[in-house]
Amino acid sequence: METMSEQAMRDLVRDVPDFPQPGIIFRDITPLLGDGPALHAAVDALARAYPDVDAVVGIESRGFILGAPVAYALGVGLILVRKEGRLPRQTERAEYALEYGTNTVEIHADALTPGQRVVIVDDVLATGGTAAATAELVERLGGAVAGIAVLIELSGLGGRDRLASYPLTSLLTY
Ligand code: AMP
């Protein structure tokens, strides 16, 4: 198993001011994704957070990048929560406000069997709206959220409070 200091991982996240709009500091994880030991360490740490699950739920699109290897590491399946209009069959949908803009997310109505326990994986937790909408979709299908695991938590935006009813693990806090 790869290990890496928090600082070394943090050095691979780039702050991009005023992207995609003025006032937002975008946390760019592409250098971390491009670094083998860092990617390995991040995926291992996310997988260790909630190992006793039946499936991983990845949030489009950077949650897919991290969710797929977490699912592989845990030996469970990956369930996709996608932006509106992208899933081809019957869906459940939930609308929410983002740090910038609004969004609607969907899950295939048959993606989960009732009683399944899942971990929700995404790259960045900001206001928590995306993760809360995803948790709502999981619960509407009869699933249970064992935890939410994110690479980065933006602590000033209230996401952790909004998700207070769920266990939440973040690898890096800003
Ligand atoms: P939120 O719903 O506010 O928690 O926003 C989380 C979603 O928006 C995640 O899927 C992130 O990829 C993206 N996001 C929000 N704010 C940022 C940011 N400052 N830097 C990078 N991604 C962000």
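**A walk through the model**

Thr91 is buried, at a relative accessible area of 18%, where buried means under 20% relative accessible area, exposed over 50% and partly exposed in between (1.4 Å probe, protein chains only). The model is predicted: local features need pLDDT of at least 70, side-chain atom pairs count only at pLDDT 80 or more, and totals for chains, interfaces and linings use all residues. Residues are numbered from 1 along each chain as its sequence is written, and side-chain values use heavy atoms, with hydrogens and water left out.

Thr91 belongs to strand β5 (residues 91-97); helices (H or I, at least four residues) and strands (E, at least two) are DSSP runs, numbered from the N terminus. Leaving aside neighbours within four places in sequence, Thr91 is in contact with Glu106, Ile107, His108 and Ala109, contact meaning heavy atoms within 4.5 Å. With Glu106 there is also a polar contact between the two side chains, at 2.6 Å. A polar contact is a pair of N or O atoms within 3.5 Å; within protein, one must be able to donate a hydrogen and the other to accept it, and residues adjacent in sequence count only if both atoms are side-chain atoms.

Glu106 also forms a salt bridge with Arg93, the closest N and O atoms being 2.7 Å apart. Arg93 lies in strand β5 and Glu106 in strand β6 (residues 102-108), so the pair ties together parts that are 13 residues apart in sequence. Arg93 is partly exposed at 44% relative accessible area, whereas Glu106 is buried at 2% relative accessibility.

A salt bridge is a side-chain nitrogen of Lys or Arg within 4 Å of a carboxyl oxygen of Asp or Glu. By this rule the count comes to eleven salt bridges. One of them joins the side chains of Arg27 and Asp15 (2.9 Å, N to O). That pair links distant parts of the chain, with Arg27 in strand β2 (residues 25-28) and Asp15 in strand β1 (residues 14-17), twelve residues apart. Arg27 counts as buried at 14% relative accessibility, while Asp15 is partly exposed at 45%.

Another salt bridge brings together the side chains of Arg86 and Glu60 (2.4 Å, N to O). Arg86 lies in the loop between β4 (77-83) and β5, and Glu60 in the loop between β3 (55-59) and α4 (62-74), so the pair ties together parts that are 26 residues apart in sequence. Arg86 is partly exposed, at 43% relative accessibility, and Glu60 is buried, with a relative accessible area of 12%. Salt bridges that share partners join Glu60, Arg82 and Arg86 into one network.

Next come the rings. Rings of Phe, Tyr and Trp (its six-membered ring) pair if their centres lie within 6.5 Å; planes under 30 degrees apart count as stacked, over 60 as edge-to-face and the rest as tilted. By this rule the count comes to one aromatic pair. Phe19 and Phe26 form that pair, edge-to-face, at 5.2 Å centre to centre with 85° between the planes. Phe19 is partly exposed at 44% relative accessibility, and Phe26 is buried at a relative accessible area of 16%.

Strand β7 (residues 117-125) and β8 pair in the parallel sense over eight bridges; two strands pair if DSSP finds at least two bridges between them. Arg117 stands opposite Ala144 in β8. Nine of the ten residues of strand β8 (residues 144-153) are buried, so β8 is largely enclosed by the rest of the structure.
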